[in-house]
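Trainee: I would like to go through this structure with you. May we take a few local sites and then the interfaces?

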Amino acid sequence: MICAGIDIGSRSIELVLVENQKVIETRQTDTGFDPISQAKKVMEGIKFDKIMATGYGRNLFELAYDDALTVTEIKAHAAGVRLEFPEALAILDIGGQDSKSIRLNEQGRVMKFEMNDRCAAGTGKFLEIMAQNLGFALDEFGPAALAAQKDLQINSMCTVFAESEVTSLIAKGQDRQEIARGLHLSVVKRAVGMLNRVGAQGPIVFSGGVAQNPCMVKMVSDALAKEILVPESPQMMGALGAAMIMDARG
Amino acid sequence: MSNDYAPMWESLGMDLKAHDALLDVLGQGYQDIYLAQKNRPEGMSYFDFVMSEVHGLRIKELLDEKKQNRKIIGSYCVFVPEEIVLAGGATLVGLCSGADFAIEDVEKHLPRNTCSLIKSSFGFKLGRVCPYLESADMIVGENTCDGKKKAYETFAGMVDNLYVMDLPQVKSSQGRSLLKKEFERFKTAVEELTGNKITVDTLKEGIKVVNAKRAALHRLATLRKADPVPISGLDALLANQVFFYDNPARFTESVNKICDELEVRIKENQGVFPAKTPRILISGCPMAVPNWKLPWIIETSGAVIVGEESCVGERGTRNLTDDSGQSLDELMEAVTDRYFKVDCAIFTPNQKRSDHIVEMAKAYGANGVIHYGLQFCQPYIMESIPVENTLENLGIPCMRIETDYGMEDMGQLKTRVEAFIEQISD
C-alpha cells in the first residue's frame, strides 16, 4: 500500500509517498494564493492508496478530498523526526508562519508543546521580510549573518517594529551582516525560550524550513550549548510524518 | 423578532440599527455553533427559545415586572448575592459582555490592553445595544480585578445608577468581615431601591429559589460524568450562561427537565458523542454569551467538554447557601459564608482553586485540562502557570490558551486544540 502525506504550509507544500515505511518519492512546490490547486499540481501523475494532510491547509484539503484524513503539524513533525532520529526527545519546528517546540517521551509520543500565537514573530516569515529589507536573497541571508564579526542587539520582536528598527540601524550606517546576525539572534532567543517552556531535554531536532538556514542551526546549538540535530530535508518532516502515520494505521 | 420589539427597544433608548446588526450576528453564530450540533437533548429547545428571545421576550418580562413596581438589578459578577436581591423583591440579571462591540468608542475610554470582558461591557453601553443594562434600576459593579475596579470609575460617568461593591482579596477573618459588611450595605441599598424591608422569611425564600437553581445545575454536572456524555459541553455551557438571565423558577424547572431526559439517555447508553471521546475540562475566565469560540473549536475537533471550572460554570454555582438560620443575621452569615468560598483568581493565595480543578478533572474523568485565559486578564493568566504545574505533576495534561473575543486566531487555536486532543488521546 502506498501512503501519501501532504503538508500544506503557509509558504510551501510538501508531498511524501511512503510504502512499507520507506520513502519512495518526495515533491515540493510553493503554496501561492490557491493552496488547493497547488496541492493538485504537486499530486499530478502520482498514485497512492491513502492520503493524510497536515499543515495550516489541512482542513481545506480535507474538504476538497473526501478520503483525506488530517493530523496536526505537531504530531506529524514528531512522527517524521522520530523516523530519522529515533532518539529525539524534543523538536524545534520553525515554518513559514508558525514556530513550535515539542517535548516527546521515549516512545516518541507528544508530551507537551508550545506554539507562537497569532503573529509571525520568530517564524520563517519574519526572517524572509528582514532579508528583503536588507537586500539579501533568502538563501544568502543565513550565510551572511554567519559571516558577521559581532552580535548586534535587535530589540523588537514584532515584525513591523523590527522593520523600523532595521531601517534606523541602516540609517546609522551599521553593517548589514551584523544587522542580519542580530535578527537571527532574536529569533533564536524566542525559539530557545519556547524549548525551555516545554522542558526540552536530551536530543533535540530542528525541523521545518527554517532549519535549512545554517546560521539558525549554529546559533540554536550555541544557545543550547549542545549539538542540535537537523534532518537532511527538515522541510519534509511534516509530510513525511503524515505519510508514516497513515502507513502505520494501515 | 426585531419588528415586534422595536418600539420596546426604542423606549429603552437603544440604537436599533446597531442592535439589529448585533442580533443578526448572534443569530448566525447560534445557528452555526448550536443548531448545527447533532444528537442534542430535546430539552435544549427551551434554551434555543430563550436565546432567540434573549433581547426580546425576556426583556418584555422584565419591563412587565417593572410595571408591577419590581426593580431590576444588573450585575457583572457572581459575587453579587442573588439571595439578597430576591429577598428584596427585585430581580437580578447578568449584564451583556461576551462579544466585541463599538471597540473604537471603547478605546476612547479604556486602554487597548484591557481584557475583552471589560471592553465588551463598555461596548454594549456605548453602542446602546444591551437591553438588560438599559432596563436596570441599579447596576452593581464589584471591585474584583484591577481592570474592573478602575473601569467602574469611568463607567460611573456613563450611567447614573452604578453601585460599587468592595470585595476582599484575602480569605482571612478581616476579608470575611469586609465581605459581610459589604453584603449588609448591599442589603440596605436593595431595601432602599425597592422600598421593601428584607425579612427572615423573604431571605429564606430567596435562598431557597437560588439554591434550587444551583442544585439543578449540580444535577446536570453530575450527569456529565457518564461515558458516553449525554450532553455537549456547548449545551451545558449555555445552561450555565442562561442561569444569569432567565426567570429563576422557570430555569430550574427547565434544567431539571433536561436532566430527566439525560438520565434516560444514560440508561440507554446514548451519547452526544461516541463513547471514549477524549474528555476535556475547561478552566479559567468566565465565558459570557456569546463567547463560544473555544468550546466550539474543542467540540468540532474531536473532543467533548465535560466541565467548566469557571464563574459561568461550577466555580460560580458549586456551593449552596445554608438556609437553616433563624435570624436575619444568621442568614446573612450563611450568605457571606457561601460567597466567601468562591475561589476567584483575585484572591491571594488561592490554592483552593487549583485543588478544585484537580478534583473536577478526576470527578469528570477528564483526559486533559484547557486553561482559558482572556488576554490581559492578569489574575487568571498568572494563575494558569501554577495550575498547569500542579496538574502536570499529577500527570494530567494541561494546555494554556490566551485569547480574546476576536476571530483572527481561529486557525492557530484550532491547530493547538487539535494537537492537544491528539496528545491526550494517543
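Trainee: Which residues is B:Arg315 in contact with, leaving aside its neighbours within four places in sequence?

Mentor: This is a predicted model. In it, B:Arg315 is in contact with B:Gly284, B:Glu308, B:Glu309, B:Ser310, B:Val342, B:Asp343, B:Cys344, B:Arg353 and B:Tyr380, with neighbours within four places in sequence left aside.

Trainee: Is B:Arg315 buried or exposed?

Mentor: B:Arg315 counts as buried because its relative accessible area is 1%, and the cut-off for buried is under 20%.

Trainee: What does its side chain reach at 2.8 Å?

Mentor: At that distance the side chain of B:Arg315 reaches the backbone oxygen of B:Gly284. As for secondary structure, B:Arg315 lies in helix H15 of chain B, residues 314-317.

Trainee: Staying in chain B, how many residues of helix H7 are buried?

Mentor: Helix H7 of chain B, residues 116-126, is mostly covered, with 10 of its 11 residues buried. Among them are B:Leu117, B:Ile118, B:Phe122 and B:Phe124, and also B:Lys119 and B:Lys125.

Trainee: Now to chain A. Which residues of helix H4 are buried?

Mentor: In H4(A), residues 124-133, the buried residues are A:Gly124, A:Phe126, A:Leu127, A:Ile129, A:Met130 and A:Ala131. Their packing partners in chain A are strand E6 (90-94) and helices H5 (138-146), H6 (159-171), H7 (176-197) and H8 (214-224).

Trainee: And which residue with a positive phi follows H4(A)?

Mentor: That is A:Gly135, with phi near 75 degrees.

Trainee: Let us turn to strand E1 of chain A. Which way do its residues point?

Mentor: A:Ile2, A:Ala4, A:Ile6 and A:Ile8 point one way from E1(A), while A:Cys3, A:Gly5 and A:Asp7 point the other way. Residues on both faces are buried, so the strand, residues 2-8, has 7 of 7 residues buried.

Trainee: Which strands is E1(A) joined to, and in what direction do they run? Start with E2.

Mentor: Strand E2 of chain A, residues 12-19, runs antiparallel to E1(A), and 7 bridges join the two.

Trainee: How many bridges join E1(A) to E4(A)?

Mentor: There are 5 bridges between E1(A) and strand E4 of chain A, residues 50-54, and these strands run parallel. On that side, A:Ala4 stands opposite A:Ile51 in E4(A).

Trainee: What domains does the assignment give for chain A?

Mentor: Domain 1 covers 1-85 + 233-249, and domain 2 covers 87-230. Their contact takes 13 residues from domain 1 of chain A and 28 residues from domain 2 of chain A. The centres of the two domains, taken over C-alpha atoms, are separated by 24 Å.

Trainee: What area is buried between domain 1 and domain 2 of chain A?

Mentor: The buried area is about 1600 Å², and carbon and sulfur atoms give 67% of it. On the domain 1 side, A:Ile74, A:Arg82 and A:Phe85 lose the most area to domain 2 of chain A, together 42% of what that side buries.

Trainee: How many salt bridges are there between these domains?

Mentor: The count is 2 salt bridges. Separately, 10 residue pairs are found in polar contact across this interface. Helix H3 of chain A, residues 73-84, gives the most to the side of domain 1 that touches domain 2, with 7 residues.

Trainee: Finally, what about the interface between chain B and chain A? How many residues does the contact take from each?

Mentor: The contact takes 20 residues from chain B and 19 residues from chain A. The area buried there is about 1700 Å², with 40% given by carbon and sulfur atoms.

Definitions and conventions. Residues are numbered from 1 along each chain as its sequence is written. Chains are lettered from A and ligands numbered from 1 in the order in which they are written. This is a predicted model: local features need pLDDT of at least 70, side-chain atom pairs count only at pLDDT 80 or more; totals for chains, interfaces and linings use all residues. Side-chain values use heavy atoms; hydrogens and water are left out. Buried means under 20% relative accessible area, exposed over 50%, partly exposed in between (1.4 Å probe, protein chains only). Helices (H or I, at least four residues) and strands (E, at least two) are DSSP runs, numbered from the N terminus. Two strands pair if DSSP finds at least two bridges between them. Domain bounds come from an automatic or database domain assignment. Contact means heavy atoms within 4.5 Å. Buried area is the accessible area (1.4 Å probe) that two parts lose on being put together, summed over both. A salt bridge is a side-chain nitrogen of Lys or Arg within 4 Å of a carboxyl oxygen of Asp or Glu. A polar contact is a pair of N or O atoms within 3.5 Å; within protein, one must be able to donate a hydrogen and the other to accept it, and residues adjacent in sequence count only if both atoms are side-chain atoms.
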